[in-house]
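Hi there,

Here is the structure I promised to pass on to you. Have a look at it first, and then read my notes below.

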Amino acid sequence: MLRRREPVPFAFLAEADRFRSNVTPPPRERASMSQIAGRWLLGLTIVAALVGSLVLGMPALSPDQSSAQTQQSQASEGR
């Protein structure tokens, strides 16, 4: 059995696109000097941490030349 639905007027949706509110939001408060300095300090701390981890991590990522030479010498001896 088919149920018959009543037509839904969509005129209110078309009007919603044209609706403009006459209420303006309050202006944003300006950040104080201490807030700006805190943001800069936080940013510098994060950048310094990333650079420090890169500097400390680079020796671990580089291939170790001394261990490669000892492995070659052991392999050439036929062990």
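How many helices and strands make up the secondary structure of the protein? There are 3 helices and 0 strands, and from the N terminus on the elements run α-α-α. Helices (H or I, at least four residues) and strands (E, at least two) are DSSP runs, numbered from the N terminus.

A word on the source: this is a predicted model, where local features need pLDDT of at least 70 and side-chain atom pairs count only at pLDDT 80 or more, while totals for chains, interfaces and linings use all residues. Residues are numbered from 1 along each chain as its sequence is written, and side-chain values use heavy atoms, with hydrogens and water left out.

Now to the cover. Of the 79 residues in the protein, 0% are buried. Buried means under 20% relative accessible area, exposed over 50%, and partly exposed in between (1.4 Å probe, protein chains only).

Two residues show how this works. Leucine 44 sits in helix 2 (residues 33-61), and it counts as exposed because its relative accessibility is 54%. Alanine 31 belongs to the loop between helix 1 (11-18) and helix 2. With a relative accessible area of 29%, alanine 31 is partly exposed. Leaving aside neighbours within four places in sequence, alanine 31 is in contact (heavy atoms within 4.5 Å) with Ile36 and Arg39.

Enjoy exploring!

Best wishes
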